Amino acid sequence: MRSGWRKILGDPVRAFGVVSVVLLVSLAIAPAKNHFSQWRYYQNNYTKLIRDRADAVTLEKRLERGIQQIWLPEQGVVDRCTTCHVALKQASLSDVAEQPFRPHPPIPHSLTEFGCVTCHRGQGPATNVHEAHRSSLAWEEPMLPARYIEASCGQCHLSPLAGTPRLNAGRRLLAGDGCVRCHTLKMADGTVFQGTDDPPSLKHIADKTTREWMFAWIKDPVAYSPTATMPNFHLKEDEIRDITAFLVAQSTPLAAAAGRSSARSAANSGADDSQAGATLYGQSFCASCHAVQNAAGNLVGGDLGPELTRIGTKAKPQWIEAWLRNPAAYDPETKMPRYRFTDQQIATLTRFLLAKKDDDLLAKVRLAEGTAEQAAHGKVLINEYGCASCHEINGVRKPENFAPELTRVGSKGFAQIAFPPNVPHSLPDFISAKVRDPRAFGPSLKMPQFKLTERQIDDVTTALLAQSERAYTQPSTMRVASSHDTHYRPAGKAGQLMDDLRCFSCHRINGRGGDMAPDLTWEGSSVQRKWLADFLRNPETLRPALIRRMPKFNLTDSEINTLTDYVMTVYQTPAFDRDIAPAGPTPALVEQGRQLFYGKYACQSCHIVDPAKDKGYIGPALWSVGSRMNSSWVYQWLKDPQALRPGTMEPNQHMSDENAKAVTAFLSSLKSAPRAAAAKKGGGR
Amino acid sequence: MMAMRIMAIILAFGLATACNSSGPQNTQPATVYGSAIAVSSGDKQIGASGAALDEPVVVQVNDAQGTATPGAAVVMEGPPGVRFAPVTRLTDSSGQFTTVVSLGGQAGRYQLAAVTQDRGGKRFSAKFDEIALGYQSMLGRQLNNQYCDRCHNPESTAVRVSNFDNLSAKPHAFSEGDVLNKFTDADLTAIISQGGPALGRSAEMPPWGYTLSKADMQALVAYIRAVSDPPYRTKGVVYAQVH
């Protein structure tokens, strides 16, 4: 036995020596690892970097050696990033491009209160480069690529922020491009994303358009309209044939459209008429909401309503007439106001719209009468592709949870993802690949092809990455709540009228409505009654140079009275009393105001009072402001414009009471437009 | 040591994929060679860090006689984080190559290059600069669009008529580095906050100090510095770099 040991270990003294050395070396491993650790290397390099700088002493003093840590137990933050990133707070190193020594760019949050991983992800407690930055078997969440960084803002900030244009755009796309109609998406505060797009009901679709048009549209929506929201489902032609057969079969005729006799025969036609149509289209400011492609292929007009370039190929004449007469009869939820058109006007406008067509679109579409069998198969396909998630269809129920919920998709585990070839194994790459080309994940998948630019894909990816686990698990006190429109509805006769005119499609009042036109919450305090009545009668008097502007609704005198009374009584600011004028305008005060206007405050750089001399083009023309605005409003406005209209462009000039009174007196003295004014343009928005 | 080596490999791989991640590569070999390359459009753009620039970059390859060369291979080069879609392709029938550039996540000036080779493998490159705005300067750009641009930008667009020509004292465009670089941050802040008269200039520049916050004005100064041409130098131009 003994000789056996001796054989293996040799001389016992020598063996003891070897074992001792091995022991010593193994004991030295830990201190050596510590000594040669990456963070020590970086801290030493940092000392070398700052040695020759002017503020070396200060920087050296601020350098804290050893492992550093930001510990925020409530937020689950244990971040040792500052061990290597030693200069995050040293603004004087802004010229240093070398990492890990760059200072953090200015942001509105303190690094010590939020830590690093809250925004950048990665493994906070790690103390070597790879473990901290990248994913491993034990840590799935690598650092977030910088181009998606706004996703992290979205974990707490649930409403749009000035500093996060990508996130805002991404969330707008999720709500406005139909994503949330199939995918449920809840914000961290429980708010469910609501679709802001307006997919039409298909219950009376056969009144509106032909089966041929439906066929061309479903085959490729973009061929009809480059601004189409509907994605491409890449369906086969016989599938589309069957779907359209069902859509025609399920459509019920709407009484309103059928009842009225055609007005077209009542009017003459010809070149004069098409000119009249163009004029009426212009006067009614249809272009405020609807775009049309011009000869150069550019879209001209607003995007509140659908594009009308090829409307004559789509809509049936009787339907256009009925729609122009009363849009809400076909679509109670429409944003389009009811213009008070005469039959003659409706006929003219209908012919004008019907002429906007593109015969090539339907040239190759030949469909035989749909059979019951085809319609039945069409219904199966409609259920299969979830068409009813967006559209109301007779006999098809809106599917629940049609597509996977995206509420926490920003922390989706790798185990749940089947990466197709050529997609790098990271969550942002997965999400953007899926949004870019859903069918690359399998030809049998139902998700359609959306038409998005690369930038929009990044925007959507950013918004989805904001739906992270952290957004739900962090303390709710960190959340900045999502903003909602109120449910404000004006009451009574005026309320009905405002609903009929769809004022809220463009104007915002008491927290509800669109943003195309001015907020009217305090309109009654701001304008004079007579001016408002005249304006409603003929809206072209204000800012005639604008392309997108208030249309003329052809209101009756009694309607105008109802609206004016309501606005003047109800839409009043509590901040001041409209009826107490700031000062009686004496000629001396008016003259003093004129001098301040042109001298100290140089108001003519943005406003025009005398069209012969002033050129300012930004604010509205002021030559008749004395007969338009209430003088106490003018006074309060001069004192603090943002208090009356947050975000308005006019700077607060910090006027003294005396100066504001004088300028108010001057402005109130401007009662009517000078003769030359008619020829000049009135200024932009 | 092994761990270090693996890490180095992973890092190198990561950097390599970061550079070439955009789109399918064109493996077609060039059959035609040019001997000059120039940027036709898309240089000196200002975009958000990490986002695609508004306009694509178009480069043109010419031969020794100065005529356009279709079918020449062009490769785009830039620091990691910059994405080109596509990163390489043969020039089209008019001798041009068009690519969409997304700048890296770091704010700053990016120096990029379009490279082509002649038959002998000699490289010809056209260098160009693009600017990526970070959080603060993006905020500044938004404020600029809301409050400043209408007067300070002499160009009119279809939806935005410039007020520049209507002013008797002409405002400086924010890219006018020759003039604005001479102002200190404090001077710029004073003129934004108190208006032109603060530095003995026209009252047509109104005071914004009662409308904008201090952070807003800092953001505006950051934006003005970021877009100035020639660049604003505190300690020499710093380009976004390879790390």
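## A walk through a predicted two-chain model

Touching, or being in contact, means that the C-beta atoms of two residues, placed from the backbone, lie within 7 Å. The model is predicted, so local features need pLDDT of at least 70 and side-chain atom pairs count only at pLDDT 80 or more, while totals for chains, interfaces and linings use all residues. Residues are numbered from 1 along each chain as its sequence is written, and chains are lettered from A and ligands numbered from 1 in the order in which they are written.

The largest nonpolar core has 50 residues, and Val101(B), Leu220(B) and Tyr223(B) touch the most other members. Such a core is a set of buried Ala, Val, Leu, Ile, Met, Phe, Trp, Tyr and Cys residues joined through C-beta atoms within 7 Å; buried means that 20 or more other C-beta atoms lie within 10 Å of a residue's own, with C-beta atoms placed from the backbone. Among the elements giving two or more residues to this core are β7 (96-102) and α5 (214-227) of chain B, and α5(B) gives the most, with nine. Helices (H or I, at least four residues) and strands (E, at least two) are DSSP runs, numbered from the N terminus. Because domain 1 (2-133) and domain 2 (135-227) of chain B both give residues to the core, it lies between them. Domain bounds come from an automatic or database domain assignment.

Now turn to chain A. Its domains include domain 1 (2-35) and domain 2 (38-143), whose C-alpha centres lie 41 Å apart.

Where do the chains meet? Here 38 residues of chain A are in contact with 39 residues of chain B. On the chain A side, α7 (129-133), α9 (165-176) and α24 (454-465) each supply at least two residues, and α24(A) gives the most, with three.

Finally, look at two helices of chain A. The axes of α14 (residues 237-250) and α22 (residues 372-384) come within 7 Å and cross at roughly 100 degrees. Axes are lines fitted to C-alpha atoms, for helices over the stretch in contact, and angles run from 0 to 180 degrees between N-to-C directions. Residues making the contact include Phe246(A) of α14(A) and Leu381(A) of α22(A).

How values were computed. A residue is buried if 20 or more other C-beta atoms lie within 10 Å of its own, exposed if 12 or fewer, and partly exposed in between; C-beta atoms are placed from the backbone.
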